[in-house]
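Subject: Structure for your review

Dear colleague,

Please find below the structure that I am handing over to you. My notes on what was found in it follow directly after.

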There are 2 protein chains.
Amino acid sequence: MSEKGRGTAPEFDLMHFTPYRLTVAAQKLSDGLARQYRTRFGISVPEWRVLVHLTHSGNVSVRDIEMRVAMEKSKVSRAASRLEDAGYIAKRINDKDRRLVQLALTPKGEELMSKLLPLAIAFQAEIEEKLGDTFKGLDDAIEKLLGEEQ
Amino acid sequence: MSEKGRGTAPEFDLMHFTPYRLTVAAQKLSDGLARQYRTRFGISVPEWRVLVHLTHSGNVSVRDIEMRVAMEKSKVSRAASRLEDAGYIAKRINDKDRRLVQLALTPKGEELMSKLLPLAIAFQAEIEEKLGDTFKGLDDAIEKLLGEEQ
DNA sequence: TTGACTTCATTGCAAATGCAACGAATATTG
DNA sequence: CAATATTCGTTGCATTTGCAATGAAGTCAA
């Protein structure tokens, strides 16, 4: 009771710490698909995010992606460069604002996505099935977390 | 309808893709606390995890931490080295099995944790409050994800 | 006891990351 | 219009990461 006073650590268990749990769960969830993308197609997660965004948003700048896809602009820029080198996307300078770089899928990139997307869709279905009735609860909570102003 | 066949991307929205959502939510959640730990105490997330584990598990080897805390052993090893350099933990070779390195908090490390833990506890409370009735749903789903065999 | 196998922690190396700085282009202000 | 400030994308640099390889220590079986 009269313990030093210092060194008396409060009760705390990492295993019940939500930031930790969420991080580990997210890693575990992403890993399976990420590994497939990497080994079968040579695509990293940042590259995958750029590709997806380009798939349903025609011409997009690096800045657009930075904002919508939760990645630093340098990360986006480098992912885009790798994708360009691999021939999956093309960069073009925007005529109206020559600071902007317009990114767009090449035919080869579209072909790649026609293979990647079905995998992702199946993966999502798998997750929802696995989670069963807890899925909605998860999604609602995430929505709340992502929606926070801050 | 008779579109090329290639280039016809299936419907898919990254913003509703659970692995992505979970990753972004986890990052957002961790960031606030991680920034505090970094700027105010010079502690990184891997270091923080090692410290927490040492706090309620006396003498622990690198391997123990690797298994329980979801980090690669090299990551654990380097985090431990940095913590040792900073004087927060001590390494000692296990007499019974001299391959093992026993890690333990120093008094300075305990003092540090007596500052860090209250922050974490308050942070957790904040999260639970912010999430309100959606917290349980989140926690159940994470439990399910983390509990999966594989 | 010896030799082959396994386990543990560290380290080397190439790649990825975050951040700040930069140059080029545009916007804004006086 | 000129001068200043801001935005955009890239790059340099130091740090971190993941993975494989290493060496030291222990285990097991013949």
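**Helix packing within chain A**

H1(A) and H5(A) are roughly antiparallel to each other. Their axes lie 11 Å apart and pack at an angle of about 160°, and the crossing of H1(A) and H5(A) is right-handed. On the H1(A) side the contact is made by Leu29(A), Leu33(A), Gln36(A), Tyr37(A) and Phe41(A), and on the H5(A) side by Leu112(A), Leu116(A), Leu119(A), Ala120(A), Phe123(A) and Ile127(A). By class, this contact of H1(A) with H5(A) has ten nonpolar residues, one polar residue and no charged residues. Please bear in mind throughout that this is a predicted model.

**Relation of the two chains**

Chain A is superposed on chain B by a rotation of 180° with 0.0 Å of shift along its axis, at an RMSD of 0.0 Å. The two copies are thus related as by a two-fold rotation axis. The same surface serves both copies, in that 100% of the contact residues of chain A recur in chain B.

The contact between the chains takes 46 residues from chain A and 47 residues from chain B. On the side of chain A that touches chain B, at least two residues each are supplied by H1, helix H2 (45–56), helix H5 (107–131) and helix H6 (135–147) of chain A. The residues of that side comprise 28 nonpolar, ten polar and eight charged.

Helix H1 (residues 18–41) of chain A also packs with helix H1 (residues 18–41) of chain B, at an angle of about 150° and with the axes 8 Å apart. Because angles over 145 degrees count as roughly antiparallel, H1(A) is roughly antiparallel to H1(B). H1(A) passes H1(B) in a left-handed crossing. From H1(A), the residues that meet H1(B) include Leu22(A), Ala25(A), Ala26(A), Leu29(A) and Leu33(A); among those of H1(B) are Leu22(B), Ala25(B), Ala26(B), Leu29(B) and Leu33(B). The contact of H1(A) with H1(B) has twelve nonpolar, six polar and no charged residues.

**Helix packing within chain B**

In chain B, the axes of helix H2 (residues 45–56) and H4(B) come within 9 Å and cross at roughly 85°. That makes H2(B) roughly perpendicular to H4(B). Pro46(B), Glu47(B), Val50(B) and Leu51(B) of H2(B) make the contact with Lys75(B), Val76(B), Ala79(B), Ala80(B), Arg82(B) and Leu83(B) of H4(B). Seven of the residues in this contact are nonpolar, none is polar and three are charged.

**Surfaces near the DNA**

DNA strand D is surrounded by 21 residues, the closest being Ser61(A), Arg63(A), Ser74(A), Ser77(A) and Arg98(B). Helix H3 (62–68) and helix H4 (73–85) of chain A, together with helix H4 (73–85) of chain B, each give two or more residues to this surface. H4(A) provides the largest share, five residues. The surface near DNA strand D has five nonpolar, five polar and eleven charged residues.

Around DNA strand C there are 21 residues, of which Arg98(A), Ser61(B), Arg63(B), Ser74(B) and Ser77(B) come nearest. Here the elements that supply at least two residues each are H4 of chain A together with helix H3 (62–68) and H4 of chain B. The largest share of the surface near DNA strand C, five residues, comes from H4(B). By class, that surface has five nonpolar, five polar and eleven charged residues.

Yours sincerely

Definitions and conventions
Residues are numbered from 1 along each chain as its sequence is written. Chains are lettered from A and ligands numbered from 1 in the order in which they are written. This is a predicted model: local features need pLDDT of at least 70, side-chain atom pairs count only at pLDDT 80 or more; totals for chains, interfaces and linings use all residues. A residue is near a molecule or strand if its C-beta atom, placed from the backbone, lies within 6 Å of it. Helices (H or I, at least four residues) and strands (E, at least two) are DSSP runs, numbered from the N terminus. Ala, Val, Leu, Ile, Met, Phe, Trp, Tyr, Cys and Pro count as nonpolar, Asp, Glu, Lys and Arg as charged, and the others, Gly among them, as polar. Copies are superposed by least squares on the C-alpha atoms of residues with pLDDT of at least 70 in both. Two residues are in contact if their C-beta atoms, placed from the backbone, lie within 7 Å. Axes are lines fitted to C-alpha atoms, for helices over the stretch in contact, and angles run from 0 to 180 degrees between N-to-C directions. Angles under 35 degrees count as roughly parallel, over 145 as roughly antiparallel, 65 to 115 as roughly perpendicular and the rest as oblique. A crossing is left-handed if the near helix is turned anticlockwise from the far one by less than a right angle, and right-handed if clockwise.
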